[in-house]
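Subject: Structure for you to look over

Dear colleague,

I am passing on a structure that you have not worked with before, and below it I have written down what was found. Please open it beside this message and follow the description as you read.

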Number of protein chains: 2
Amino acid sequence: MSTIKLLLAEDEPALGQIIKESLETRNFEVNWKQDGEATFKAFKEDTPEILVLDVMMPKKDGFTVAKEIRALDDSVPIIFLTAKSQTKDVVEGFSIGGNDYLKKPFSMEELIVRIHNLLQRSKLQKTADVLQIGEYTFNFPKQELSYKEEAPEMLTHREAHLLFNLIKNKNQLLDRSVILNKLWGTDDFFSARSMDVFISKLRKKLSKDSTIQIINVRGFGYKLIV
Amino acid sequence: MSTIKLLLAEDEPALGQIIKESLETRNFEVNWKQDGEATFKAFKEDTPEILVLDVMMPKKDGFTVAKEIRALDDSVPIIFLTAKSQTKDVVEGFSIGGNDYLKKPFSMEELIVRIHNLLQRSKLQKTADVLQIGEYTFNFPKQELSYKEEAPEMLTHREAHLLFNLIKNKNQLLDRSVILNKLWGTDDFFSARSMDVFISKLRKKLSKDSTIQIINVRGFGYKLIV
DNA sequence: AATGAGTGTTAACTAGTGTTAACCGATTGG
DNA sequence: CCAATCGGTTAACACTAGTTAACACTCATT
């Protein structure tokens with residue numbers, strides 16, 4: 001099991017020490033900073049996978065740091081630790097782009113749970129991005145399909161969405177009407193024929209790897225086999 | 001002093017009327033809708049600067065509308081009006097991307113204060129803007145686009161605004177009609193073609209970093225991919 | 001007032017995308 | 001084994017978007 005890089009910002013030495021140590025016993029690699037400026041610097045150098053920021057800190061408060069970080073990276077999860085439990089702070093935290101907040105005092109278990117939840121969420125988002133299918137790599141947001149190390153081929157929007165759904169349901173049946181409603185908005189005759197055309201196009205584009213097949217289940221839908 | 005465009009969604013006629021009128025005496029231009037669908041439609045055409053959404057509404061509830069709006073614009077401030085004061089709702093509101101909430105009954109003064117706070121904050125966020133996009137740095141107020149350390153290139157007003165909106169919505173769809181209403185004021189044929197020309201110009205100017213792409217989603221809009 | 005540079009719109013032509021049509025093969029049930 | 005239906009494939013078509021250039025307008029300078 002590999003470690004997870006976490007950046008912790010907490011100015012109170014006793015508390016910081018406790019958090020750092022508890023997290024380290026749970027397989028986190030903790031970089032602990034005690035003020036806002038050091039935290040921001042560490043973020044740029046370290047590229048941690050998740051951040052835990054105290055709101056009240058010397059030099060730069062947690063909100064300010066979070067704002068600067070969000071300008072560079074809008075996906076890394078941020079948890080705020082806040083002494084004041086006022087909703088005003090919560091509101092500000094979320095509006096800056098924080099993903100969760102925890103009011104002091106809190107239990108370590110609580111923190112761990114929040115961390116894992118956020119990591120899980122960002123992992124899901126990331127893996128949803130670049131998909132592996134046989135010898136092909138499919139970058140959904142970029143609509144790029146590449147075979148081995150060859151130059152990527154651009155897919156159209158429709159092709160990309162259809163392929164995405166096929167891959168997400170690989171080795172299981174993808175129901176015709178489900179996908180038609182999802183991508184075309186209806187499941188009438190013409191949309192169905194249009195979809196057939198796209199299946200045909202995808203088959204052609206995936207033909208370099210012969211282990212990949214889009215097979216038809218008559219009357220029900222398609223199945224992408226790897 | 002110029003007016004501020006505000007979109008209000010409140011199904012209860014008496015309350016809606018009161019809110020609308022009090023805000024109008026305070027220099028707001030209030031567009032008042034009484035159900036979720038009308039609200040969403042009005043948002044696309046009007047591009048208001050701030051939204052006040054009742055949570056319980058016919059056709060589409062406030063949370064659903066907010067979700068749809070966030071898919072198009074992730075910065076316009078949203079205030080929820082909620083009858084239930086449970087924190088569960090509050091958290092849901094925030095996780096959807098709401099910026100503040102107000103539980104009924106509330107005083108007009110309270111609402112006004114919240115509105116001004118949010119406008120203030122979104123104003124601050126906006127003017128602070130030097131944006132990073134791949135290897136490029138884009139200074140929006142100065143309309144300067146620079147590649148790595150090279151000398152900055154000046155963008156025109158239109159180019160800058162379009163790029164700004166693309167970057168603010170990077171990696172997500174930027175709806176044609178939304179951006180046309182926002183920058184051109186209409187979404188007729190000619191404005192649309194004009195916009196295409198600017199997209200073409202921006203593509204050329206962003207071509208030094210090949211990881212950046214402005215991809216088209218036929219019939220819907222553009223997506224800036226980093 | 002005349003010139004010219006800069007900006008945005010319109011036009012003209014080209015390229016790309018998705019739908020529809022046409023034709024054919026495959027599968028299924030009687 | 002045949003008819004009916006479903007799906008496969010290709011091409012034609014309609015429409016949307018990409019690109020380039022011409023045009024119109026504004027504004028500053030002469």
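Predicted model: local features only at pLDDT ≥ 70, side-chain atom pairs only at ≥ 80, totals over all residues.

How are α7(A) and α8(A) placed relative to each other, roughly parallel or roughly perpendicular?

Helix α7 of chain A covers residues 176-184 and helix α8 of chain A covers residues 189-205, and the two pack at an angle of about 95°, with their axes 10 Å apart. Angles of 65 to 115 degrees count as roughly perpendicular, and α7(A) and α8(A) are therefore roughly perpendicular to each other. On the side of α7(A) the contact is made by A:Arg176, A:Leu180 and A:Trp184, while α8(A) brings A:Ser191, A:Ala192 and A:Met195 to it. Sorted by class, this contact of α7(A) with α8(A) holds four nonpolar residues, one polar residue and one charged residue.

DNA strand D is surrounded by 16 residues, of which the closest are A:Asp196, A:Ser200, A:Asn216, B:Ser200 and B:Asn216. The elements giving two or more residues to the surface near DNA strand D are α8 of chain A and, together with it, α8 (189-205) of chain B. By class, that surface near DNA strand D is made up of four nonpolar, six polar and six charged residues.

Turning to the sheet in chain A, you will find five strands that form an open sheet in the order β2-β1-β3-β4-β5, with parallel pairing. Its edge strands, each of which pairs on one side only, are β2 (28-33) and β5 (100-103) of chain A. Neighbouring strands of this sheet are turned against each other by 20° on average, if direction is ignored. Helix α1 of chain A, residues 13-24, packs on this sheet and touches β1 (4-9) and β2 of chain A, and its direction makes about 165° with that of β2(A). Helix α2 of chain A, residues 36-46, lies across β1, β2 and β3 (50-54) of chain A and runs at about 165° to β1(A). Further along the sheet, strand β4 of chain A (residues 78-82) is joined by four bridges to β5(A), and the two run parallel; within this part of the sheet, A:Ile79 stands opposite A:Asp100 in β5(A).

Chain B has an open sheet of three strands in the order β10-β12-β11, and here the pairing is antiparallel. The edge strands are β10 (173-175) and β11 (213-217) of chain B, each pairing on one side only, and neighbouring strands are turned by 30° against each other on average, direction ignored. Five bridges link β11(B) in the antiparallel sense to strand β12 of chain B, residues 221-225, and the bridge partner of B:Val217 in β12(B) is B:Gly221. Helix α6 of chain B, residues 157-168, packs on this sheet and touches β10, β11 and β12 of chain B, with its direction at about 70° to that of β12(B). Helix α7 of chain B, residues 176-184, lies across β10 and β12 of chain B and runs at about 55° to β10(B).

With kind regards

How values were computed:
Residues numbered from 1 in each chain as written. Chains lettered and ligands numbered in written order. Pairing = 2+ DSSP bridges. Axes fitted to C-alpha atoms, helices over the stretch in contact; angles between N-to-C directions. Contact = placed C-beta atoms within 7 Å. Parallel < 35°, antiparallel > 145°, perpendicular 65-115°, else oblique. Nonpolar A, V, L, I, M, F, W, Y, C, P; charged D, E, K, R; others polar. Near = placed C-beta within 6 Å.
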